[in-house]
Amino acid sequence: MSIDMAQFHQVFFEESFEGLEVMESGLLNLDMGDVDSEAINTIFRAAHSIKGGSGTFGFTAVSDYTHVMETLLDEMRDGRRQVTQPAVDVLLGSVDCLREMLSAIQDGNDVDAAGVAEHKKALEVELNGGSSSSEPEAEPEQGTTSADASNSSVGSGWKISFCPHADLLKTGNDPVRMFRELGELGELEVIVDFQGVPPLYDLDPEECHLSWTLILKGEVEKGDIDDIFDWVEDDCDLSIQKIISDENQNNAPEVNSEVAPEVVPEVVPEATIDSKAPPKVAAAKPAKAKESKPKPATSSSIRVDTGKIDTLINMVGELVITQSMLSLMGENFTLDSIDQLKNGLAQLDRHTRELQESVMNIRMLPISFVFSRFPRLVHDLSSKLEKKIELKLVGEHTEVDKTVVELISDPLVHLVRNSLDHGIEMPADRLAAGKPEMGTVTLEAYHRGGNIVIEVKDDGKGLDKDMLRTKAIEKGLLEPDVVLTDKQCYELIFMAGFSTAEKLTDVSGRGVGMDVVRRNIQSLGGNIEISSELGYGSTIAIKLPLTLAILDGQSVAVGDETFIVPLGSIIESININESMVNRVAGKGETFRLRDEYLPIVRMHEIFDVSSAKATKLTEGLLVVVDGQGVRCGLFVDDLLGQQQVVIKSLEANYRRVEGVSSATILGDGSVALILDIPGLMRLSNQ
Amino acid sequence: MAQETDMQEVEEIQCENSVQFLSFTLGDEEYGVDILSVQEIRSWEPVSRIPNVPKYEKGVVNLRGAIVPIIDLRERFNLEHSEYTNLTVVVVLQTVLNGVSRTMGVVVDSVSDVNNVDAQTIQGAPDFGTKVSTEFISGLALVDERMLILLDVKKLLKLDGVGDKGDEDDDES
């Protein structure tokens with residue numbers, strides 16, 4: 001058996017990180033005092049899978065570490081230990097530590113052994129300190145409950161006495177195979193007892209007459225041993241007994257309470273074996289399947305709801321039916337069936353569109369993937385800042401493209417940190433201002449139009465326009481005599497080098513960050529807006545396109561060429577007459593749209609289209625567009641039509657072109673360029 | 001880079017003595033590219049123009065869903081331009097630049113043959129001083145008493161700004 005384990009690593013890491021997230025959110029939601037055993041079970045299971053997985057792949061540092069965590073959790077689960085805030089904090093710390101270890105391993109770096117040892121020590125201190133006070137309860141008498149309770153107890157070794165019934169072999173079980181598996185867990189010593197072997201002439205070769213005493217040395221979990229004997233426990237007399245060593249007594253108090261050798265009773269009549277086996281298998285399987293899912297590793301993968309895949313398969317089915325209908329029609333086509341053909345084509349059209357939508361849907365992930373990390377952040381930061389803060393998450397199930405999910409997370413972290421640090425006041429100040437002591441930060445996501453809007457809202461002190469202004473002037477970012485609108489005032493915080501924090505904290509205040517946040521969001525094709533009321537809090541709204549793969553576009557014609565203008569940036573299209581046009585310094589053309597003077601960008605000039613039909617402004621159309629808050633009129637020959645276009649990268653084989661964000665393929669197979677409005681404006685300014 | 005190509009060629013000599021080149025013509029001159037970098041040969045079809053780029057970058061086409069740039073080799077080599085006809089051919093080349101696979105089409109007059117060239121007979125690009133740019137030429141080969149100008153596909157595909165994101169493994173000295 002020489003399977004290249006490395007191919008499963010990616011899956012293991014992904015699952016482990018997911019497990020860590022589960023643990024983290026579980027720990028944060030633990031209600032002190034009144035502990036839901038199911039909640040602890042969830043955390044425990046996650047830890048257990050990570051341990052199992054890391055053991056399988058030979059990441060012993062991880063599995064050893066998780067093991068200590070697991071012991072702690074196990075005691076909590078059994079009620080042998082109170083769930084206390086310090087314990088939860090230690091566990092949270094160890095979740096972080098595990099995450100670091102795993103990412104170090106994933107990146108092929110060395111694990112920071114010293115740091116890990118320190119964390120492990122903290123865990124062990126917690127383990128030893130807390131539990132000795134609470135006397136273990138009487139262990140459940142026997143059977144499965146007792147097996148569960150001592151599932152994770154570990155000794156320096158186990159003594160297993162294994163006396164199979166005569167027909168063990170008939171059930172297809174092979175002791176030798178089991179011993180081999182045991183041998184993989186640790187150092188195994190096998191003592192065979194052949195007293196039961198009958199004289200040769202009485203010997204039935206299909207029966208098993210041997211019994212064994214096995215000494216398994218090493219830190220092996222009982223659960224692992226149980227797993228091996230799981231299949232045969234009804235066909236044998238089995239006793240698994242811990243070999244207690246001194247070291248363990250000091251280390252793990254629970255050893256004191258060690259159960260008397262647990263004997264699985266052999267009462268089950270043979271007839272029931274068959275009926276009993278299947279459920280057991282089912283119970284044991286999921287855990288194992290999880291540990292080594294045979295999936296080839298890829299650089300990045302996505303988990304998709306099976307429901308989505310089912311819909312997809314249905315649609316492909318329908319598409320195939322439509323296709324075969326059409327090809328049948330094509331074989332003996334007469335003009336009479338033209339209506340049928342039209343119907344068929346309409347169907348084909350609908351199915352393709354639906355299919356496209358559901359394929360896009362596969363890439364959609366709920367925003368909770370991003371939001372889930374915030375409870376922890378707020379928990380940690382609020383205690384660091386000594387503020388009382390409650391985090392509300394709204395609309396976590398709003399779905400958004402995977403790329404957006406990946407890229408939005410850092411900017412959001414930054415915004416939330418800012419809200420906590422600058423927005424929410426100290427509890428005393430809040431009370432003085434007549435506000436509840438507990439500040440609230442709300443993260444909300446919702447769809448609006450073709451966009452997803454994510455809002456970070458706090459009920460803190462709000463932004464002080466005058467202060468922002470003064471600061472900006474102080475830092476030389478703003479001329480003293482410039483008049484700013486409220487909105488422009490707020491936008492000052494996005495300027496590089498701007499910071500309002502009185503002093504630097506490690507949370508925020510260096511004046512880098514907000515400009516990076518805005519740049520990141522703009523690079524995703526989104527924008528960010530601030531609204532605020534002094535004394536009542538502020539709201540930062542991020543607007544992002546739902547997907548980065550498809551765009552609603554308006555095709556426009558300039559000469560023989562077709563360009564796509566993103567529909568979202570179009571405000572209106574107008575015919576203009578000479579009287580609306582003004583020239584600045586004889587060249588720069590502007591036109592008056594209601595109360596605003598907007599520059600005119602002649603597409604045929606900046607893109608050098610020789611075939612343009614309209615060269616006089618009155619001959620063509622002006623498409624009024626908005627690019628990152630700046631408006632202008634694009635002068636084009638004509639509008640062609642609206643359509644959804646699939647975004648294709650120009651850079652994959654070519655390079656960035658100024659004024660063009662990407663390309664798409666039109667219905668006739670030709671390529672059209674998608675315009676980048678801010679880029680176009682830059683281009684026309686040159 | 002040049003050394004690297006030489007190294008590869010040396011290796012190829014050791015395993016088999018000949019290298020296959022696809023030869024095509026530009027006017028009277030005959031050029032060759034390593035057959036392994038040729039993805040396909042297509043007939044010329046209208047391209048979508050890209051604004052504000054050098055004249056030899058004709059534009060982009062849709063190649064089964066991928067946007068692929070097309071460059072005119074005549075114009076790239078400063079030869080006189082000729083009209084595109086039904087016989088004008090686009091050779092689609094593929095290579096790995098900076099660890100990323102890049103595809104590009106080059107417009108040539110016609111494709112003539114696939115030639116086996118004994119790697120040992122390939123001579124280095126001659127030095128014409130500043131008169132003729134030999135930047136894309138990796139060597140000269142003699143095939144049936146004709147001279148084949150061998151092109152370095154990597155350099156050819158490395159348009160200004162293409163694959164400029166990082167320059168780890170493709171640094172040219």
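In this predicted model, 20 residues of chain B are in contact with 21 residues of chain A, two residues being in contact if their C-beta atoms, placed from the backbone, lie within 7 Å. On the side of chain B that touches chain A, the elements giving two or more residues are β4 (57-63), β5 (66-72) and β7 (100-108) of chain B. β5(B) gives the most, with four residues. That side of chain B divides into 12 nonpolar, six polar and two charged residues. Ala, Val, Leu, Ile, Met, Phe, Trp, Tyr, Cys and Pro count as nonpolar, Asp, Glu, Lys and Arg as charged, and the others, Gly among them, as polar.

Residues are numbered from 1 along each chain as its sequence is written, while chains are lettered from A and ligands numbered from 1 in the order in which they are written. Local features need pLDDT of at least 70 and side-chain atom pairs count only at pLDDT 80 or more, but totals for chains, interfaces and linings use all residues.

Chain A holds 21 helices and 23 strands, which are DSSP runs numbered from the N terminus (helices H or I, at least four residues; strands E, at least two). Of its 686 residues, 31% are buried, that is, have 20 or more other C-beta atoms within 10 Å of their own.

Helix α3 (residues 60-77) of chain A is largely enclosed by the rest of the structure, because 15 of its 18 residues are buried. At 1.5 Å a residue, α3(A) should span 26 Å, and its end C-alpha atoms are 25 Å apart, which agrees. The expected span is 1.5 Å times one less than the number of residues. A:G79, with a positive phi near 80°, follows α3(A).

Two helix pairs in chain A can be set side by side. Helix α11 (residues 306-331) of chain A packs with helix α12 (residues 338-362) of chain A at an angle of about 155°, their axes 9 Å apart. The two are therefore roughly antiparallel (angles over 145 degrees). Their contact divides into 12 nonpolar, eight polar and three charged residues.

Helix α14 (residues 374-385) of chain A and helix α15 (residues 402-423) of chain A pack at about 30°, with axes 10 Å apart, and are therefore roughly parallel (angles under 35 degrees). Axes are lines fitted to C-alpha atoms over the stretch in contact, and angles run from 0 to 180 degrees between N-to-C directions. Residues in this contact include A:F374 and A:L377 of α14(A) and A:V413 and A:V416 of α15(A). It divides into eight nonpolar, one polar and two charged residues.

Key
Angles under 35 degrees count as roughly parallel, over 145 as roughly antiparallel, 65 to 115 as roughly perpendicular and the rest as oblique. A residue is buried if 20 or more other C-beta atoms lie within 10 Å of its own, exposed if 12 or fewer, and partly exposed in between; C-beta atoms are placed from the backbone.
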